[in-house]
Amino acid sequence: MGALGPLSTASSPAPATAATGEASIGGRSLASIRADFPILSRRIGGAGGPSHPLSYLDNAATTQKPLAVLEAIRRYYERSNANVHRSLHTLGEEATAAYEQARRRVARFLNADPTEIIFTRGATEAINLVAASFTRTLPPGSTILLTEMEHHSNLVPWQLAARDRGLSLRFLPVGPEGTLELQDLEKAAGRRLGLIAVSLVSNVLGTINDLSRITAFARERGVPVLVDAAQAVGHLPVDVRALDCDFLAFSGHKMYAPMGIGVLYGRHQLLERMEPFMGGGEMIRTVTLERSTWNELPYKFEAGTPNVEGAVGLEAAIDYLEALGREAVRDYEGEMTRYALRRLEEVKGLTLYGPREPGLRTGVFSFQLAGVHPHDVAQWLDAGGVALRAGHHCAQPLLARLGVNATARASLGLYNLSDEVDRLARGLEGAREALGRGPE
Ligand SMILES: Cc1ncc(COP(=O)(O)O)c(C=O)c1O
């Protein structure tokens, strides 16, 4: 697979206003937005050496949380904590109201109906739910079409389902630019297609997949499409009706909400046809010693005490993102992505994977630095206060396709500044000079 190598050495001026916090999103300065995230004022290092301001560039792994989210969780526990849907006292009713209000907020965020919103622990659990439950409706021998760029969360659950239900898996290839080979759709799908599961944004390449051809193809064949939106919801407007998808999964923690809360959107008619994923309290209507009947949607899929604080935190994160404006966030991150592409291209010996065209990608940059192991790159940068991730990014088949075992990955969030991109580029130059083979 081709990779985006060092292309130019032309100097790249930073976006005029994005350097030190004078930039703005939705009319709010970056300086004031950054002040909403207490952790961003931390300094890193210091034991015997100098400490450095934190530049958090690991947002694809998880994002930091604004005060509005932290305060919403605290308020919930200080005022309304109780179990939901079962206690008739005031606190029980308040907790239930808060939980259901969060569900309605998520529904509006995705342009769905609240009965189509199932709270899960995260994207992983949401995909496992569909893989375990929807596949029971498919005849043995059916095919699940995935792509070569999926996160293990959108691969392994299908492997388990294929093993247990006699299904087969097929894969849409990734081309040299790090985009899906959509012209191969028909060939890749085969003749017994039962479902397509595809990510909206790759966690390794940053590629924004054009799903319109995939959903049109699926529609013609009456086959549902599951969209893994884990790397999309925090960065792009996501609308399930506009996408015309049947299932969509995401995790709160990658969009400024707490860990342990996520969402599965499912089209009402499909969820009605599906059997529960897990059994327990909340998801039943009647129970005898021998058998049970199921609660209505969405509760049929929410067994046990739910993560109410997570739902409340997710609602606060959605409010936060929408107050800034999802288009405004996308535009700002787009500007930073263009700048980061230019700065990374200037780093000698750096091989960057993924689309060259800024409009085709988000601010996720996986790369290798000649002669320096990605783990050493990440450690070197961390010593200077810059937080990156290194490894296989839970996408081993994609890395195998790229011909590598590991990459370093920098990923942007809405609070990152061009100063931080400069620190990254300077840190990489330093790592190459100190640890690498030198200029190529
Ligand atoms: C594209 C993609 N899908 C799914 C997941 C799984 O998310 P979680 O671990 O929050 O369930 C991730 C996490 O990195 C991801 O990047």
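A: Begin with the ligand: one of its oxygen atoms lies 2.7 Å from an N or O atom in the side chain of His 253. The protein covers 86% of the 390 Å² of accessible area that the ligand has on its own, where accessible areas come from the Shrake-Rupley method with a 1.4 Å probe and, for residues, only the protein chains shown count as cover. Before going on, note that this is a predicted model, in which local features need pLDDT of at least 70 and side-chain atom pairs count only at pLDDT 80 or more, while totals for chains, interfaces and linings use all residues. Residues are numbered from 1 along each chain as its sequence is written, and side-chain values use heavy atoms, with hydrogens and water left out.

Q: Which residues are around the ligand?
A: A residue is near a molecule or strand if one of its heavy atoms lies within 4 Å of it. In this model the residues around the ligand are Ala 123, Thr 124, His 151, Ser 153, Asn 203, Asp 228, Ala 230, Gln 231, Ser 251, His 253 and Lys 254.

Q: How many residues of that shell are nonpolar, polar and charged?
A: Ala, Val, Leu, Ile, Met, Phe, Trp, Tyr, Cys and Pro count as nonpolar, Asp, Glu, Lys and Arg as charged, and the others, Gly among them, as polar. The shell has two nonpolar, seven polar and two charged residues.

Q: Take Ser 153: is this residue buried or exposed?
A: Buried means under 20% relative accessible area, exposed over 50%, and partly exposed in between (1.4 Å probe, protein chains only). Ser 153 has a relative accessible area of 13% and is buried. Ser 153 sits in the loop between β7 (143-147) and α5 (156-165); such labels are DSSP runs numbered from the N terminus, helices being H or I with at least four residues and strands E with at least two.

Q: What does Ser 153 touch?
A: Contact means heavy atoms within 4.5 Å. Not counting residues up to four places away in sequence, Ser 153 touches Thr 124 and Ile 127. The side chains of Ser 153 and Thr 124 are also joined by a polar contact of 2.9 Å.

Q: How many salt bridges does the structure hold?
A: A salt bridge is a side-chain nitrogen of Lys or Arg within 4 Å of a carboxyl oxygen of Asp or Glu. The structure holds 25 of them. One joins Arg 409 and Asp 58, with the closest N and O atoms 3.7 Å apart. That pair links distant parts of the chain, 351 residues apart: Arg 409 is in strand β19 (residues 407-411), and Asp 58 is in the loop between β5 (55-56) and α2 (67-79). Arg 409 is buried at 1% relative accessible area, and Asp 58 is buried at 13%.

Q: Where do Glu 282 and Arg 86 lie?
A: Their side chains meet in a salt bridge (2.8 Å, N to O). Glu 282 is in the loop between α9 (268-273) and β13 (284-287), and Arg 86 is in the loop between α2 and α3, 196 residues apart. Glu 282 is buried at 15% relative accessible area, whereas Arg 86 is partly exposed at 46%.

Q: Which residues are linked in a network of salt bridges?
A: Arg 105, Asp 319, Glu 322 and Arg 326 are linked in this way.

Methods:
A polar contact is a pair of N or O atoms within 3.5 Å; within protein, one must be able to donate a hydrogen and the other to accept it, and residues adjacent in sequence count only if both atoms are side-chain atoms.
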